[in-house]
Amino acid sequence: MSLPSIDTAVTYPDGDLTSTGTVVLVQPLPDGRSAVVLDRTAFHPIDPVWPDQPADAGTLTVDGRAYEVVDAVIGATDGTTLHVGDAPVRTGTDGWAFVVCHLVEDAAGIEPGGAVVVSVDPARRGALSAGHTACHLASLALNDALAGLWTKEVAVDGRGRPNFDQLAITSSHILEGGSLDEYRIGKSLRKKGFAAADLPAQLAEVTAAANRTLTDWIASGAAISIVREGGRQGLGDRRRWRAELPEGAVEIPCGGTHLRSLTELTGAEIALDLADAEGAVTVTMRTTAHLA
Ligand SMILES: [Zn+2]
């Protein structure tokens, strides 16, 4: 068995829902399922390092037989072992090949060298793309609404606002039609100049301000795209989400899938919750996107 030496070429960043490819490797897993690696795929896998967007749903078709993909995860190999979802390195690390592992219950009939058609469930993908686009917009709108609570200079986002999202985020989950982000305001964030004590009294105004910003951006119908580096569509190549917002383009590093334009949404809003947790404050941002 020879392990892949180059990344899977991925076409989901361009919005593709189907692709054709060749089987590179079929690896049985300890749980009885098998990981199928192709040379190229439209199937979005979860990234175990930052598992924000879940895997697509869909099928692989080989010789007229459809195999349900029960999960898909980024795998990594340095030529000795294929790590399926438990790579010891970050996606994109030099010297490693990063591949989409399509997990199937029974891979009988799938052989290396065989031709495969990949089909992704369009409804789930569309809902996840809407959720992911809204999630990025919400993070920028939240940074904007919280800008007045900073008393010192800190790292800024693509719009020049203090980057609360990047500095405080602990987890992000993309849902169908929305997202759930958790932030932690602890000692170090307060030391960096975030006036945490003032947040509870301003929470309603912060939420309303962020929602006004979201409404304005969606009304602009801004174009959304994924900027790719590397030139050969490799899974491990860096990608950036780009939105042509009215006051200028903004980019955020991102490995997920997105809408192509904010005209695909009729609206989006956030809700914020605060909770005390052992000397820190947890902020939960629930974002809801409405598809046109
Ligand atoms: Zn993203």
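**Exercise 1. Is the crossing of H1 and H4 left-handed or right-handed?**

Two notes apply throughout. The model is predicted, so local features are taken at pLDDT of at least 70 and side-chain atom pairs only at pLDDT 80 or more, while totals for chains, interfaces and linings use all residues. Residues are numbered from 1 along each chain as its sequence is written, and side-chain values use heavy atoms, with hydrogens and water left out.

*Solution.* Begin with the elements: helices (H or I, at least four residues) and strands (E, at least two) are DSSP runs numbered from the N terminus. Helix H1 spans residues 122-146 and helix H4 spans residues 199-220, and their axes come within 8 Å and cross at roughly 130°. This angle makes H1 oblique to H4, given that angles under 35 degrees count as roughly parallel, over 145 as roughly antiparallel, 65 to 115 as roughly perpendicular and the rest as oblique. The axes are lines fitted to C-alpha atoms, for helices over the stretch in contact, and the angles run from 0 to 180 degrees between N-to-C directions. The crossing of H1 and H4 is right-handed; a crossing has this hand if the near helix is turned clockwise from the far one by less than a right angle, and is left-handed if anticlockwise.

**Exercise 2. Identify the residues through which H1 and H4 meet, and sort them by class.**

*Solution.* Take contact as heavy atoms within 4.5 Å. On the H1 side the contact is made by Leu137, Ala138, Leu140, Ala141, Leu142, Asp144, Ala145 and Leu146, and on the H4 side by Leu199, Val206, Ala209, Ala210, Thr213, Leu214 and Trp217. Sorted by class, the contact of H1 with H4 has 13 nonpolar residues, one polar and one charged, where Ala, Val, Leu, Ile, Met, Phe, Trp, Tyr, Cys and Pro count as nonpolar, Asp, Glu, Lys and Arg as charged, and the others, Gly among them, as polar. The C-alpha atoms of Ala209 and Asp144 are separated by 8.4 Å, although the two residues are 65 apart along the chain.

**Exercise 3. Which residues touch the most other members of the largest nonpolar core?**

*Solution.* A nonpolar core is a set of buried Ala, Val, Leu, Ile, Met, Phe, Trp, Tyr and Cys residues joined through side-chain atoms within 4.5 Å. The largest one holds 45 residues, and Phe164, Ile185, Phe194 and Trp241 touch the most other members. H1 supplies the largest share of this core, eight residues. Not counting residues up to four places away in sequence, Phe164 touches Leu142, Asn143, Leu146, Trp150, Ile169, Tyr183, Ile185, Leu189 and Phe194. A second, separate core has 17 residues, among them Phe43, Ala55, Val62 and Ala72.

**Exercise 4. Locate Thr287 and His83, and decide whether each is buried or exposed.**

*Solution.* Thr287 belongs to strand S17 (residues 280-291), and with 2% relative accessibility it counts as buried. Leaving aside residues up to four places away in sequence, Thr287 touches Ala134, Cys135, Ala138, Gly177, Gly178, Ser179, Glu269 and Ile270. His83 belongs to strand S8 (residues 82-84) and is likewise buried, its relative accessible area being 19%.

**Exercise 5. Describe the positive phi values of Asp63 and Glu278.**

*Solution.* Most residues other than glycine have a negative phi. Phi of Asp63 is near 50°, and this residue lies in the loop between strand S5 (58-62) and strand S6 (65-69). Asp63 counts as exposed, at 78% relative accessibility. Phi of Glu278 is near 45°, in the loop between strand S16 (265-277) and S17, and Glu278 counts as exposed at 81% relative accessibility.

**Exercise 6. Which residues does Glu247 touch, and where does this residue lie?**

*Solution.* Glu247 is in the loop between strand S14 (239-245) and strand S15 (248-253), where, at 48% relative accessibility, it counts as partly exposed. Residues up to four places away in sequence being excluded, Glu247 touches Arg159 and Trp217. Glu247 and Arg159 are 88 residues apart in sequence but 8.8 Å apart in space, C-alpha to C-alpha.

Notes. Buried < 20%, exposed > 50% of the residue type's maximum accessible area, 1.4 Å probe, protein only.
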